[in-house]
Amino acid sequence: MSSKRLVFTLVLFGVFAFLVQAEDHSEHIEGPFESPQEVTATCIMCHDNVADEIMATRHWNWQGEAFNGDGKEKVRLGKINMINNFCIAVPSNWPRCTSCHIGYGWKDETFDHSNPENIDCLVCHDRTGTYSKTATAAGMPAPDVDLVAVAQSVGFTSRQTCGKCHYDGGGGAGVKHGDMDPSLLEPPEDLDVHMGMYDFQCADCHAEEGHKIRGAGHASMAANTNHFDCTTCHEMPIHDKSRLNDHTEHIACETCHIPSFARIEPTKVWWDWSTAGQDRKASRDQFGHENYNKKKGDFVWKKDVQPEYRWHNGGVEYYMFGDKIDTTAIVVLNELNGSIEDTNSKITPFKVMHAKQPFDPVNMTLIVPHLFGPEGYWKTFNWEQAAQIGMEAVGLPFSGNVEFVETDMYWPINHMVAPSEQALRCTDCHGKKSRFDWEALGYPGDPMKKGGRAEHFDLK
């Protein structure tokens, strides 16, 4: 499909979506409802196959499909059993973390994933703009939500409904994803050409049949599955110049077409848990964002951030609960698979989140801290107690000692695609002002310079 035909098709689709984006359900839904679960029970009376679809998804289970990793027995990985370097881990912190789950009442490990009435239909399909969840109530809606009004006005998902969780991941706007934040709610064309120029909604790219979400999050990258990319819609060769088309074999589209991220809202790039608990005055930076909080420590925020570039073939090796760490170097929580020798790899842009987080210096494992609740660190400011409770929750030993180690975590940059005239030019990558560290990428130097070609440059 040519680019012009693609644009025409997308515009027609957008017009159609606008016309049918909401449907009056007042004839089908009357209320009143004593609980949000009663809303779901009403929904699935008509949409009887939807519950089974949703309960089979990663979106619902916070785990991907089982896979074999490096000769190990099959595992399932996802938000539920992985460590990050933001608020660290879900276990023992359920009611706070699960406020962004597409369900109701996941307050501890006993949550019933098989009960369809626990599904929150409204969080994804609200068209009133009034639906919200209480931040500390295990996914339950805020007390002032008019359940009847929202249920009677449901329709297609939107950037607003998806963004309620994904724009604020990690505890606030722009904290986790440098390429997803509230600036995408009504973005200008030069921030994101798809959403700003053509009014794409998230589902235009990410929706699959059966309520599955297309696109590789952490659970999928662990198994190296569920990928899609720009060529899903843009047929190759796409450029007028053959030299540019040659580049696409080894360079991800996003590398050239997302020259920077967090271009309007800043994103968090450093989180130091080791300074939490100090009786220092909370402070803010030049963006008006907190750069110290007693509960969480020191932060650094940046705006208009240039990505870091790595070879990547789509797969990732994740730190798992209980894995031993080497504290003589920065601990990488998700090692990217790929290299210059790997013909399936491309030079790909990432946000790298840097942090300092707790570990057990005797067992040499990262700690799952209990942060939220009456006995949590955010109340007691006692790391040893928080570690004891959190490690018990995941069935791992704790020595009683807490120290801190630096960690890195890679977050793919896929959104905030700039207009073509703002894409990188030759001199952005080649020459004195190159944004690439060619040696770190495996080259002896800039491939365009004499002596800078790798021996296998014909492949890369």
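Reader: Why is Q357 called buried?

Author: Buried means under 20% relative accessible area, exposed over 50%, and partly exposed in between, with a 1.4 Å probe and protein chains only. Q357 has a relative accessible area of 0%, so it is buried. This is a predicted model, in which local features need pLDDT of at least 70, side-chain atom pairs count only at pLDDT 80 or more, and totals for chains, interfaces and linings use all residues. Residues are numbered from 1 along each chain as its sequence is written, and side-chain values use heavy atoms, leaving out hydrogens and water.

Reader: Which residues does Q357 touch, not counting residues up to four places away in sequence?

Author: Contact means heavy atoms within 4.5 Å. Among the residues that Q357 touches are I83, N84, W273, L333, E403 and F404. The side chain of Q357 also reaches the backbone oxygen of N84 at 3.3 Å.

Reader: Where does Q357 lie among the strands?

Author: Q357 lies in strand β9, residues 346-360. Strands (E, at least two residues) and helices (H or I, at least four) are DSSP runs numbered from the N terminus. The protein chain has 16 helices and 11 strands.

Reader: What makes the protein chain as compact as a globular protein of its length?

Author: The globule rule is 2.2 Å times the number of residues to the power 0.38, and the radius of gyration is taken over C-alpha atoms. For 460 residues the rule gives 23 Å, and the radius of gyration is 23 Å, so the chain is as compact as a globular protein of that length. Buried residues make up 45% of the 460 residues.

Technical notes
Polar contact = N/O pair within 3.5 Å; in protein donor to acceptor, adjacent residues only side chain to side chain.
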